Amino acid sequence: MNHQAGQAKLRICDARDEGAALMIIDVQQAIDDSRYWGERNNPDMEDRLADLLACWRGGNGHIVHVRHFSRTPRSPYRSGQPGADFKECVMPRQGERVVTKHVNSAFVGTDLESWLRRHGVARLVVAGVATAHSVSTTVRHAACLDFGVSVVADACATFAVEDRHGQRWSADEVHRLNLALLDGEYAEIASTLEVVRHY
């Protein structure tokens, strides 16, 4: 089955206008718990996120911070735990939208879609963690809702995976495969440089 990405195609040159939103997903202190998550790729993600935010805050586009409050008892993302706090590099500023979710898609159980529609947003630039989980799920959901989506590859990160048979994939392999599955089908894949270099 060939799903077409949203019709509202993102043009890098208008990425920061009022019809676009930068969406940063689940970049909370929880991702630093390597005992829970294991190996993570892209140690430069935080720096790239800071670059994106600095760029976006100089334009007219919207900024949406998505945070995850897990209902899993052992998760470092549980509300009220230090892991639920935003990392300093993406700390929301006054006027920036904060969306709280409890499942992988930022559109489930939240008012995100209606808020984006109400503010005239048709294009999303998505970054954060984890590429294989909340990023991928939210991007697919957004494309099904007909938003144009770009994923900033070097501003995302994910974790290694081991299946029930003991086969292990490194975090970087998981990251690259998930971006490949999104590319052209649900989103355009971009780099931080491609998003910011025109400004």
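What follows is a short tour of a predicted model.

**Stop 1: the core.** Start by selecting Val 64, Leu 116, Leu 124, Val 139 and Val 151, the residues with the most contacts inside the largest nonpolar core, which has 52 residues. Next, colour the elements that each give two or more residues to this core: strand 1 (20-25), helix 2 (45-56), strand 2 (62-68), helix 3 (112-118), strand 4 (123-129), helix 4 (131-144), strand 5 (148-157) and helix 5 (171-182). Strand 5 supplies the largest share, seven residues.

**Stop 2: Val 64.** Now centre on Val 64 and show what surrounds this residue. Beyond the residues up to four places away in sequence, Val 64 touches Ala 21, Leu 22, Met 23 and Ile 24, and its other partners are Arg 97, Val 99, Leu 112, Trp 115 and Leu 116.

Stop 3: Select strand 5 on its own. Nine of its 10 residues are buried, so strand 5 is largely enclosed by the rest of the structure.

**Stop 4: helix 4.** Which residues of helix 4 are buried? Select Thr 131, Ser 134, Val 135, Ser 136, Thr 138, Val 139, Ala 142 and Ala 143 to see them. Their cover includes strand 1, strand 3 (97-101), strand 4, strand 5 and helix 5. Then step just past the end of helix 4 to Asp 146, where the backbone takes a positive phi of about 75°.

**Stop 5: the largest pocket.** The largest pocket has a volume of about 260 Å³. It is lined by 15 residues, and the closest to its centre are Trp 37, Tyr 77, Asn 104, His 133 and Ser 134. If you colour the lining by residue class, you will find eight nonpolar, six polar and one charged. Ser 134 links this stop to the previous one, as a pocket-lining residue that is also buried in helix 4.

**Stop 6: Ser 170.** Finish in the loop between strand 7 (168-169) and helix 5, where Ser 170 lies. Why does Ser 170 count as buried? Its relative accessibility is 19%, and the cut-off for buried is under 20%. Show its surroundings as well: leaving aside neighbours within four places in sequence, Ser 170 is in contact with Glu 39 and Ala 160.

Methods
Residues are numbered from 1 along each chain as its sequence is written. This is a predicted model: local features need pLDDT of at least 70, side-chain atom pairs count only at pLDDT 80 or more; totals for chains, interfaces and linings use all residues. Side-chain values use heavy atoms; hydrogens and water are left out. A nonpolar core is a set of buried Ala, Val, Leu, Ile, Met, Phe, Trp, Tyr and Cys residues joined through side-chain atoms within 4.5 Å. Buried means under 20% relative accessible area, exposed over 50%, partly exposed in between (1.4 Å probe, protein chains only). Helices (H or I, at least four residues) and strands (E, at least two) are DSSP runs, numbered from the N terminus. Contact means heavy atoms within 4.5 Å. On a 1 Å grid over the protein atoms alone, a cavity is a set of points where a 1.4 Å probe fits but cannot get out, and a pocket is an open set with protein on both sides within 12 Å along at least five of seven lines; lining residues have an atom within 4 Å of a point. Grid points are joined across faces, edges and corners, and a volume is the space filled by probe spheres set on the points. Ala, Val, Leu, Ile, Met, Phe, Trp, Tyr, Cys and Pro count as nonpolar, Asp, Glu, Lys and Arg as charged, and the others, Gly among them, as polar.
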